[in-house]
Amino acid sequence: MTKNISLLGSTGSIGTQSLDVCRMHGYTVKCLTASSNVSLMEEQVREFHPALVCMMNEDAAKELKTKIADTATRVVCGMDGLIECAVYDGADTVLNSVVGMVGLQPTLEAIKARKTIALANKETLVAGGHLVTNLARDMGVDILPVDSEHSAIFQSLQGCPEKKAVKKIILTASGGPFFGKTEQELENVTAADALKHPNWDMGAKITIDSATMMNKGLEFIEAKWLFDMPNEDIEIVIHRESVLHSAIVYQDNSMIAQLGVPDMRIPIQYALTYPDRKPSPVQYLSLADYGKLTFYEPDYDTFKCINVCKNAIALGGVHPAAANGANEESVRLFLDGKIKFGDIAYLNNEAMKSAPDITDFTLQDVLDADRAARQYVMETVKC
């Protein structure tokens, strides 16, 4: 059956690679969304002819509407428009690749509309937690991971006879551009330094998260919810080459891993073709060309953001939402040159600790915790 895709975040790195997969396999793109990149969105509209497009920025929506007035595509804007794309009747799969907390509400609404979720938005599970997983279970909706690490775990689990056979999850991390550096050496690094990722081509926010290793902390939380594993059974390992994308360990201590060249089109395609395997635009992995693969323990003393996330999920409730909200603000301030690299972990931790203890939280509790954490960062920095 031809899949009909609603792609949230189509002009970003994951979004454009998702369209590569749709193009190759002839999937119909029903909806596209973006923040403000009008020129690229116009190109995508003219190639894929979606029924509905959302621009989060109102001025961008007005500009796009004028530019594509000769097409049949309808243009909407803002959160209401994003949700309209997420629940669009003509789409059966929603690929959520937006960055940030903005991705949570459309995911929840898409689940309510019984769409299959291909999830690249970390914040959905980091902040939403059981709100998302319980709703998906109740609605009978699959959440298929698109992050390379979680996809690797998901793929490795396909041969698992039963959940109790799994002993541990191994979550790999590239280590980012500052692997091997000390806290003192990182004191005066700039945003330009942090944006030089050794393996992956990603957007600015995610690349900074890789440099601080906050992304691995967020993925730790995400893995806990996706695979229903105890915190102590999720292990982070630095793997510089980004070839072994993650693994699982069985009770007999055998390990199953998924390997491939560092190209996001592998996990994107598997989420869209699951449970089938199809030809891919990704190049063949030659182990001989790589020669060797290396693995290291994370440096938790230097990259404190991992600890922030581990502590947040241990505390539970809305603490992960607070950690994530603080991080979005602190990364923005770092990119703007208003704080130092090391300030990111400090601000994230303090904002996370200040979150209220709420076990049975609601969506409003999550949104309130997110807002309060952002405000804490802004007030602390005095912006």
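The second largest pocket holds about 460 Å³ of space. A pocket here is an open set of points on a 1 Å grid over the protein atoms alone, with protein on both sides within 12 Å along at least five of seven lines. Its volume is the space filled by probe spheres set on the points, which are joined across faces, edges and corners. The model is predicted; local features need pLDDT of at least 70, side-chain atom pairs count only at pLDDT 80 or more, and totals for chains, interfaces and linings use all residues. Numbering runs from 1 along each chain as its sequence is written, and side-chain values use heavy atoms, without hydrogens and water.

The second largest pocket is lined by 21 residues (an atom within 4 Å of a point). Leu157, Trp225, Leu226, Phe227 and Asp228 lie nearest its centre. Elements that give two or more residues to this lining include helix H8 (148-156) and helix H11 (214-227). Helices (H or I, at least four residues) are DSSP runs, numbered from the N terminus. By class, the lining has 16 nonpolar, one polar and four charged residues. Nonpolar covers Ala, Val, Leu, Ile, Met, Phe, Trp, Tyr, Cys and Pro; charged covers Asp, Glu, Lys and Arg; the others, Gly among them, are polar.

Ser151 belongs to helix H8. Leaving aside neighbours within four places in sequence, Ser151 is in contact (heavy atoms within 4.5 Å) with Pro145, Val146, Pro267 and Tyr270.

Conventions
1 Å grid on protein atoms, 1.4 Å probe; cavity = no way out; pocket = protein on both sides within 12 Å on 5 of 7 lines; lining within 4 Å.
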